[in-house]
Amino acid sequence: MVDWVTLSIPFAYLGILVGSLAVFSSLYRKNKAAKAANLAPWFSAHLPRDIYLSLLHIDPEPGQPKIPDSILKAALLRRATEDIHRIVQIRNAKQALQVLLQRGSVGDDLWQRFQRAEKEIEEELRDVVQEANAFAPNWGQTIFQSASEMAQNAHIRESLSELQATAQSEKEWWEKRKAEIQSEFMKELDEEKKPAGVVTPAKPMSKADTDDDAVMVEAGGPASTPGKGKKKPQKGKQ
Amino acid sequence: MESPDTFTLLPLHMDPTTKTISSTQNPVPHALEAELASLNTLHRSLLSVDTPTGTPPPPVPVNPKRSAQITKLRESGNNEFRKSNYAMAIRMYSLAIEMALGRPGWEPSGLVREEVSGLYANRAQANMALGNWAEGAVDAECSVEMKKVGNAKGWWRRGRCLLEMGRLEEGLEWVGKALEFEASEGDLLGLKREIETKIAQRKR
């Protein structure tokens with residue numbers, strides 16, 4: 001006959017062992033999940049997604065038309081465009097982050113946050129494709145192509161408008177600089193003229209001195225006057 | 001971002017006649033306002049799409065209508081330039097640039113880059129012919145920004161403008177950068193030599 005009393009002891013032992021392990025494991029996992037959930041999300045709020053889903057959930061008030069499909073499509077496109085930005089960010093960050101993680105330069109938290117973001121973006125893409133296919137057959141295949149072109153195009157326009165915005169100030173700078181150069185040039189001209197001016201008042205002085213000197217100055221005098229005359233029309237041109 | 005099955009419900013409202021979306025929040029957060037504005041513009045351009053499903057067509061093939069208009073404007077700009085009607089040429093090129101940048105967002109961005117780069121280079125040339133060095137410099141820079149490789153003309157034009165404005169060091173730096181992309185371009189090498197002699201002269 002089996003002795004049930006003595007046999008119950010090993011069974012109880014096994015039961016307690018397995019039970020305590022199970023409790024520990026479940027508590028540990030819950031703890032870890034809670035910690036992961038408390039980590040700051042990688043990306044901030046996905047505004048276009050919120051807008052799209054909010055539009056989808058608006059209850060049409062009586063007497064008010066429903067949100068037309070075209071707006072929803074536009075909102076979905078905006079959402080896809082934002083997703084493109086995020087994918088690009090994730091892809092750019094991934095390699096650098098892996099290297100940093102291997103070197104131990106960044107904590108495990110950051111890697112966990114990153115992995116969660118990666119998983120989320122995958123889900124998000126799948127969701128967008130599904131929604132797109134619901135609006136039009138096979139739109140899911142091209143929506144991200146369109147979205148990526150839209151992101152690129154927006155970038156082009158942004159950088160161009162930034163550059164073109166400098167045109168006005170550049171122009172003003174150049175106008176000012178041109179005026180400066182011109183006035184400098186004029187000054188130079190004036191300086192060139194001055195010696196001729198200095199010589200004329202010197203005339204009476206030299207006359208008072210000796211006659212020889214006066215002849216010399218007079219010879220210089222006419223030579224400087226044509227120079228003056230030549231410069232004057234140039235002044236008018238500018 | 002929150003988990004995939006939740007979202008933040010935003011108080012949005014649609015104007016029943018104009019079909020524009022606005023927020024009933026007061027005051028509207030800046031980011032939301034900007035996002036809604038771009039949504040409404042996108043919606044308007046989406047309405048003009050003539051696909052049966054009302055969704056934007058895939059990037060290729062491109063609607064040829066706009067391309068033809070841009071080409072026409074560029075051609076007339078070139079004609080005016082040849083006739084030395086530089087101001088008119090600048091206006092034509094500006095219109096063409098506007099046209100090219102007005103392409104709906106889902107059309108290929110590579111095409112836009114190509115078109116706009118050529119147009120800005122042309123406008124830079126017309127500006128240079130008028131002696132508008134500052135505008136020419138900015139236009140040439142735009143052209144290069146859109147297309148760095150195979151755009152020796154754009155690189156050269158900005159270098160020339162900088163030289164004309166007496167910004168020699170900046171010009172030298174610019175031409176140096178240009179030569180990284182277009183190493184064997186004779187014009188650029190010539191321009192570089194010219195700037196270098198100017199700098200040497202000024203130092204003397």
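How many residues does the contact take from chain B and from chain A? The points below start there.

1. **The interface.** The contact (heavy atoms within 4.5 Å) takes 61 residues from chain B and 52 residues from chain A. The two chains bury about 4900 Å² between them, 67% of it on carbon and sulfur atoms. Buried area here is the accessible area (1.4 Å probe) that two parts lose on being put together, summed over both.

2. **Basis.** This is a predicted model; local features need pLDDT of at least 70, side-chain atom pairs count only at pLDDT 80 or more, and totals for chains, interfaces and linings use all residues. Residues are numbered from 1 along each chain as its sequence is written, chains are lettered from A in the order in which they are written, and side-chain values use heavy atoms, with hydrogens and water left out.

3. Between chain B and chain A the count is 3 salt bridges. A salt bridge is a side-chain nitrogen of Lys or Arg within 4 Å of a carboxyl oxygen of Asp or Glu. A:Glu170 forms a salt bridge with B:Arg167, with the closest N and O atoms 3.1 Å apart. Both residues belong to a salt-bridge network that also links B:Glu141, B:Arg158 and B:Glu170.

4. **The chain B side.** Polar contacts between the chains number 14 residue pairs, both residues at pLDDT 80 or more. The term means a pair of N or O atoms within 3.5 Å; within protein, one must be able to donate a hydrogen and the other to accept it, and residues adjacent in sequence count only if both atoms are side-chain atoms. Strand E1 (12–14) and helices H1 (30–47), H3 (86–101), H4 (109–129) and H5 (133–146) of chain B each supply at least two residues of the side that touches chain A. H1(B) gives the most, with 10 residues. Helices (H or I, at least four residues) and strands (E, at least two) are DSSP runs, numbered from the N terminus.

5. **Chain B overall.** Its secondary structure comes to 8 helices and 2 strands. The order along the sequence is β-β-α-α-α-α-α-α-α-α. The C-alpha atoms fill a box of roughly 70 × 40 × 30 Å along the principal axes. Of the 204 residues, 42% count as buried. Buried means under 20% relative accessible area, exposed over 50%, partly exposed in between (1.4 Å probe, protein chains only).

6. **Salt bridges within chains.** The total over all chains is 20 salt bridges. A:Arg49 and A:Glu124 form one, at 3.2 Å from N to O. A:Arg49 lies in helix H2 (residues 47–56) and A:Glu124 in helix H4 (residues 108–135) of chain A, so the pair ties together parts 75 residues apart in sequence. A:Arg49 is buried at 2% relative accessibility, and A:Glu124 is buried at 3%. In chain B, B:Glu115 pairs with B:Arg103 at 2.7 Å.

7. **A buried alanine.** A:Ala147 lies in helix H5 (residues 139–209) of chain A. A:Ala147 is buried, with a relative accessible area of 0%. Leaving aside neighbours within four places in sequence, A:Ala147 is in contact with A:Ala80, A:Thr81 and A:Ile84.
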